[in-house]
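Here is a short briefing on one protein model.

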Amino acid sequence: MKRANPLLKDLQAVLPDIAKNATNTEELRKVPSENIDLLKKVGLHKAFLPKAYGGYEISLPEFGDCIAALAGACASTAWAFSLLCTHNHQLALFPKQLQDEIWGNDPNALASSSIAPFGRYEETEGGILFNGDMKWSSGCDHAQWAIVGFLRDNQEGAKDYCFAVIPATDYTIDDDWNAMAMKGSGTKTLQIRDAYVPEHRIQKAKDMMEGKSAGYGLYPDSDLFYSPYRPYFASGFSAISLGIAERMLEVYKEVTSNRVRAYTGAKVHAAIPAILRTGESTHQILAARAFLEKTWEEHAEYAKAHRYPDRYTLAHWRTNQAYVTKMCIEAVDRLFNAIGASNWLLDKEAQRLFRDAHMTGSHAYTDYDVCAQILGREVMGLEPDPSLL
C-alpha cells in the first residue's frame, strides 16, 4: 500500500550507510554508535514519542514500513532500534511523573527491556527493591532506562505481571551476546542488584492491555496512545522478517542473474527451478506484506477511534504477525537453498539474511506453534490457555 510517509523518505537517505556497516555491526555484537546517530538524525526514535516531548506519534503502518526498510539494510540494527522505539509507546502509558523523569530533560532518551517476569523483588516503603539478571535486552548499550518484568503479589493472594522502569545508573550490562544470528543486536543481560523502584515507575501489564494504566488518557488528542501496549511492542519482529525477505529476493535475483553452473556453464537464472523459486517466493512475500499491512491498518483504525480491541481481535493481532514471519522465513529458505554454495561464505549478504530470518521466528511472540494454538482456541470458542500467553 502506498501512503505518505515523510519519515520513511528521510530514513531511506541513510540506509546505504547502515547497509555498508552491517559486517561491522556483527563484529561489534552491538549496533554501532554511527548507526544510532544516523537514525536519531532522521528522527526515527521519535516515532512513538508523545508530541508533548517533541515526538511524532506516527501511525503503526508508517512505522512498520520504516522498520521493514531498515531491516533490509541491517536486521540487527532494525531489531534493536525498533524495540527502543516501541518502548516509547509503552512508557507513555506510565504516569506523567515517570515520563517527565525520562523525557523532561532529554527527549532523546531511550529504554531497552527485558520484560519476561523473571525479576525478584522485596517490598519496601514507597516501592520495591528489584534484583535479577535480566536477559534479552536488545540495544541496551544505547539506552538510558530499562523496562523489566516481574510477578508481584497482590491483595487477593495471586500474582500480577508487572513492569518496573529502572535507570541505567542502577544496573550493569553483562557483555554476553554471542549469537549466530542478529549478531549485532547487542541483546545482552542487565545485572540489577537492590535497585529501588518507586511506585510511579511500576505498572501492571494487564492494565496496559485494558486501558487502565496510570498514563491512559493523558493525551486525549492522540491517535496512538489509546492502544494496548503489546501489539506495538511486538510490531517490529514481523516487520523485520518482511524486510529481510524482500531484501533476500533482491539478492537472489542479483546473484542468480550472473550465475553459471560450474561444470556446465549453463545460465542459472533461465533454468526452470530458479524461475519457479523466484515466482513462488515473490507471491509469498507480497502476500505477507498485504496481510501485515491489513493488520497494521486495523491497529491504526482502532487507535484513531480510541477503541480497545476485544479478545477475538487481539487474538488475531497477536498471531497474524507470527504467520507473516512464518511465510517470510519460508520464502527466504526457498531462495537461499538454491542460491549456491559460495553464498555460505561469511562475506556474503545472503547467508546473513538467512540467519537473521530464522531469528525473527524465534521470539516468544513469533513462535507459530504457540500462535496457532492461541488463534485456534479463540476461533473454536475455547477459553484462552494461560500457558500460551
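Buried means under 20% relative accessible area, exposed means over 50%, and partly exposed lies in between (1.4 Å probe, protein chains only). By that rule, 56% of the 389 residues of the protein count as buried. This is a predicted model: local features need pLDDT of at least 70, side-chain atom pairs count only at pLDDT 80 or more, and totals for chains, interfaces and linings use all residues. Residues are numbered from 1 along each chain as its sequence is written, and side-chain values use heavy atoms, with hydrogens and water left out.

**Overall form**

- The protein has 14 helices and seven strands. Both are DSSP runs numbered from the N terminus: helices are H or I with at least four residues, strands are E with at least two.
- The radius of gyration is 21 Å, which agrees with the value near 21 Å for a compact globule of 389 residues. It is taken over C-alpha atoms, and the globule rule is 2.2 Å times the number of residues to the power 0.38.
- Along the principal axes, the C-alpha atoms fill a box of roughly 75 × 45 × 40 Å.
- Contact means heavy atoms within 4.5 Å. Among contacts with a separation of 6 or more, 74% join residues 24 or more positions apart.

**Surface and charge**

- The accessible surface is about 17100 Å², and carbon and sulfur atoms hold 53% of it. Areas come from the Shrake-Rupley method with a 1.4 Å probe; for residues, only the protein chains shown count as cover.
- The protein carries 41 positive and 49 negative charges, and their mean positions are 6 Å apart. Lys and Arg count as positive, Asp and Glu as negative; His and the chain ends are not counted. Each charge is placed at NZ of Lys, CZ of Arg, CG of Asp or CD of Glu.

- The expected span is 1.5 Å times one less than the number of residues.
- H6 is mostly covered, with 17 of its 17 residues buried.
- Helix H10 (residues 235-257) has 23 residues and reaches 34 Å, close to the 33 Å expected.
- In H10, 17 of the 23 residues are buried, so this helix is largely enclosed by the rest of the structure.

**Positive phi in two loops**

- Most residues other than glycine have a negative phi.
- Glu 57 is not a glycine, yet its phi is positive at about 50°. This residue sits in the loop between helix H4 (33-42) and helix H5 (60-73). Glu 57 is buried at 15% relative accessible area.
- His 306 also is not a glycine and has a positive phi, about 55°. Its loop lies between helix H11 (272-304) and helix H12 (311-336). At 31% relative accessibility, His 306 is partly exposed.

- Ala 109 lies in the loop between helix H7 (96-103) and strand S1 (111-124). Ala 109 is buried, at 2% relative accessible area.
- Beyond neighbours within four places in sequence, Ala 109 contacts Asn 88, Ile 102, Trp 103 and Gln 144.
- Tyr 368 belongs to helix H14 (residues 368-379). At 26% relative accessibility, Tyr 368 is partly exposed.
- Leaving aside neighbours within four places in sequence, Tyr 368 contacts Ala 322, Tyr 323 and Lys 326.
- Tyr 368 and Thr 319 are 49 residues apart along the chain, with C-alpha atoms separated by 7.6 Å.
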